[in-house]
Amino acid sequence: MGREVLSDLSFQVAPNSFQFLTGPSGAGKTSLLRLMLLSIRPTRGLVHVFGQEASKIPPRQMPTIRRKIGVVFQDFRLLNHLTTYENVALPLQVKGKIEANYRQDVTDLLDWVGLGDRMHVLPPVLSGGEKQRAAIARALIDQPDVLLADEPTGNVDPPLARRLLRLFIELHRSGTSVVIATHDLSLMDQFDARRLVLNSGRLQIYE
Amino acid sequence: MNKPSAPTAPTQETEPVTEQAQKSNRPLKSGKSIVPGETIASTALIFVIAIMAFLACLTLGAVSMVSSSANKWQSDISREVTIQIKPADGQAMEDDIRKASRIALSFEGVSKVTALNDAATARLLEPWLGSGLELAELPVPRLLTVSIEDGANPDFTALRTRLEAEVPGASLDDHRAWVNRLTTMAVTMVFIGFSVFLLMMAATITTVIFATRGAMAGNRDVVEVLHFVGADSAFISRQFQGHFLLLGLKGALIGTASAIALFLLLGVWSYFSVATPQGDQASALFGSFSPGILGYLGMFAVTIMVAGLTALTSRWTVHKQIQILQDYNRSL
């Protein structure tokens, strides 16, 4: 068995809450997000999602659970052969929604994140910040109950980081629980929120 | 947990990230499917499928041609039997020939009896006895060829008995020994041909499965992204199955069309090579150089099978990948 990345963690993400997950590089922020996303299973301990113990969730129910969780990956994970619009619309497309019914919502959201004039381009021609915003828009488009964002401001300059933070705050106010993994202290100082601080695999919570 | 309401327009506090962007007239959609189309892996897959389908169709066509040629030889030789009348002292050979012909024609299924005349018999013996042969001076047996109608099966035993009883010195050769040998040879050739075809299909299936899985490996990220945005297994499988069915169909059609074109070219060559040594040799083995309607139907079946196999392999590969992603208890 390898090194224990996280140990003795116990916390809850309440509905309609906002928290920063922070700690030095290698502290286990991404691993904790992956645990919350159910993409990995803990060697010991339990993860409960929307009232269900994760190991008891049947595989066929997983897509329904995932649709309630929006994710912003550190490496964006945009599909390079699809336009920004198509990437953002993907969560709606996979739900079988008709394009005519969501087209306006997607274009409105892209306008909102400042990609109104970049909807038709492919991700390889987007800048780092634009990719970041496209990934955020994709995570938000289906109005998830929970948003998990891994270093969402890691590739943008401070002014844009502040704007993105306001975007997350706005989302939180509209009812979504937000977890932002970041090691950017200046970003956290801009909004008074709960802080989950990871250090050497242990968690301290500052309400 | 209550479902959050849609994000509202930015308030004064949450100023818009940018001003309302200028709309572009360019289309919002790339026109591409969720599964990336023209990748190096998919082009290579089409190429591999085309080669394997070409070789499979070539084998099937050759087997089909050899099989129909073997049947034709067998049928040609079994449609004819020979009556031989040995000369004897005081025998009226011409009367015996007429009598043997009458007896043969009285049997059901016999269409024609032709007696080899003196000139034809002399020609037949020329390689051994030289030219200018006077048959009257030699005790040379006379031959009658008896043609049998297609599909008919005259009672050769009864014919033989009557000939031996009523025509002195007459005997019937129904070529059974030759037919048996040819049947054995034809069955062996067709068996070998089909064995080669089955091996070829096994190689095709294996190659298509591995090439498809190779091409699928490049799409792992796409599967993961679809999975994380909430796509269910059926949706993801459908996307890949449809995409790979088209790739398989494209490759198989190219391979099959190339094989058919080759057969047509060989047919044209065979048509213009009639009466040349090479042409005669080739047509003796392969007949008309056409795989026939069954051969072409078989090639069509190969095309459908290869395309279907490609789609099923992709579906199976995606299904396995999704199973691993979705099964929380395996995601350690």
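Colleague: How do H7 and H9 of chain B pack?
Modeller: In this predicted model, helix H7 (residues 233-272) of chain B and helix H9 (residues 292-326) of chain B pack at an angle of about 155 degrees, with axes 7 Å apart. Axes are lines fitted to C-alpha atoms over the stretch in contact, and angles run from 0 to 180 degrees between N-to-C directions. Helices are DSSP runs (H or I, at least four residues), numbered from the N terminus.

Colleague: Which way do they run?
Modeller: At that angle H7(B) is roughly antiparallel to H9(B), a label for angles over 145 degrees.

Colleague: What residues are in the contact of H7(B) with H9(B)?
Modeller: They divide into 18 nonpolar, ten polar and one charged. Ala, Val, Leu, Ile, Met, Phe, Trp, Tyr, Cys and Pro count as nonpolar, Asp, Glu, Lys and Arg as charged, and the others, Gly among them, as polar.

Colleague: New topic: what does B:Ile49 touch?
Modeller: Among others, B:Val208, B:Gly248 and B:Val306, leaving out residues up to four places away in sequence. Contact here is C-beta atoms, placed from the backbone, within 7 Å.

Colleague: And chain A, how many helices and strands?
Modeller: Seven helices and eight strands; strands are E runs of at least two residues.

Colleague: How much of chain A is buried?
Modeller: Buried residues make up 43% of its 207 residues, buried being 20 or more other C-beta atoms within 10 Å of a residue's own.

Conventions:
Residues are numbered from 1 along each chain as its sequence is written. Chains are lettered from A and ligands numbered from 1 in the order in which they are written. This is a predicted model: local features need pLDDT of at least 70, side-chain atom pairs count only at pLDDT 80 or more; totals for chains, interfaces and linings use all residues. Angles under 35 degrees count as roughly parallel, over 145 as roughly antiparallel, 65 to 115 as roughly perpendicular and the rest as oblique. Two residues are in contact if their C-beta atoms, placed from the backbone, lie within 7 Å. A residue is buried if 20 or more other C-beta atoms lie within 10 Å of its own, exposed if 12 or fewer, and partly exposed in between; C-beta atoms are placed from the backbone.
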